[in-house]
Amino acid sequence: MTSTATLPPTDTAAPTTRRSSEVDNRAAYASFGLAYLLGHGAAAASHGDTPLLGLPEWLPTALLGAGLASGIVLATTAALRAQRGAPAPEVLSGKLLGTAWIAAFTALALAITGLTSVVDAPELESVLWPAGSGIIVGLLYLAEGAVRRNVLHYGLGIWLALTSAAVLSLEAPGPYWSLAAAGGGAYALATVLEARRLRSLQAPAHP
C-alpha cells in the first residue's frame, strides 16, 4: 500500500513592488506662484522711470529667493513622500531629478556671473536672474513631466520656459510685469488644475 504525501502549495509568483504614488505639486505650485507675484511684482513696481513704490533693491530679490527656495523644498518633500515603497529604478529617477535642480541653478549662477563680468554690466543680473530662473525651472518641469507622465507639469514647463525667454526682449520694468503676470497666473491655474488631476486619479473606475 502506498501513500501520497500532500505538500503545501508553493507560491511561485515573483514578489511585487508597488509603484510610487502621484506627486502632489499643489504646495510647491502655490509657493512658486507667490514668489513670482511678490518677487517680480515688487521688482516691477520699484523699477522704471516712474516707479510706483520706493523699495530697497534687495527686497524683490529676497522675496523671489525665499519663494523659490520654499517651492524647491516643498517639491522635494512631495517627491520623496510619493516614492516611499517604490521600486529602485523609480527612486533613482527621483534622486537624479533632484540633483538636476542643484546642477542647473549652479550652472545658471556661473553663467550669469561670468557673462556680467566679461561685458562689465552687473546691472544685467537683475534681468538675467529672473528670466534665467524661469527658463531653468521650465526645462526641469519638462523633464519631470516626461518621467512622471504628468501632462500638466509638462505643459507648465513649456509655458514657463517660453515666456521667461521671451521677456528678455522687453525693456525694464516690462520683464518683471510679464513674469509676475504670466508666471504667477500660470502657477495659480496649475494649482487649481493639480487638485482636479489628483481627484480624477483617486476616483473609482466605472465598469
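Q: What span should the 20 residues of helix H1 have, and how far apart are its end C-alpha atoms?
A: Helices are DSSP runs of H or I with at least four residues, numbered from the N terminus. The expected span is 1.5 Å times one less than the number of residues. For H1 (residues 26–45) that gives 28 Å, in agreement with end C-alpha atoms that are 28 Å apart.

Q: What kind of model is this, and how are its residues numbered?
A: Residues are numbered from 1 along each chain as its sequence is written, and side-chain values use heavy atoms, with hydrogens and water left out. Local features need pLDDT of at least 70, side-chain atom pairs count only at pLDDT 80 or more, and totals for chains, interfaces and linings use all residues, since this is a predicted model.

Q: How many of the 20 residues of H1 are buried?
A: Buried means under 20% relative accessible area, exposed over 50%, and partly exposed in between (1.4 Å probe, protein chains only). By that rule H1 is mostly covered, and its buried residues number 14.

Q: Which residues form a nonpolar patch on the surface?
A: Patch residues have over 30% relative accessible area and no salt bridge; nonpolar side chains (Val, Leu, Ile, Met, Phe, Trp, Tyr) are joined within 5 Å, like charges within 9 Å. H1 gives the most to this patch, with three residues. The patch has about 350 Å² of accessible area together, and its members are Leu34, Leu37, Leu38 and Leu63.

Q: Which residue meets Glu22 in a salt bridge?
A: A salt bridge is a side-chain nitrogen of Lys or Arg within 4 Å of a carboxyl oxygen of Asp or Glu. The pair links distant parts of the chain, 175 residues apart: Glu22 lies in the segment before H1, its partner in helix H6 (residues 174–202). The N to O distance is 2.8 Å, and the partner is Arg197.

Q: Why are Glu144 and Arg148 separated by about one helical turn?
A: An α-helix has 3.6 residues a turn, so residues three or four places apart point the same way. Their side chains meet in a salt bridge (3.8 Å, N to O). Because Glu144 and Arg148 are four residues apart in helix H4 (residues 125–148), their separation is about one helical turn.

Q: Is Glu144 buried or exposed?
A: The relative accessibility of Glu144 is 8%. With its 8%, Glu144 counts as buried.

Methods: Helices (H or I, at least four residues) and strands (E, at least two) are DSSP runs, numbered from the N terminus. Accessible areas come from the Shrake-Rupley method with a 1.4 Å probe; for residues, only the protein chains shown count as cover.
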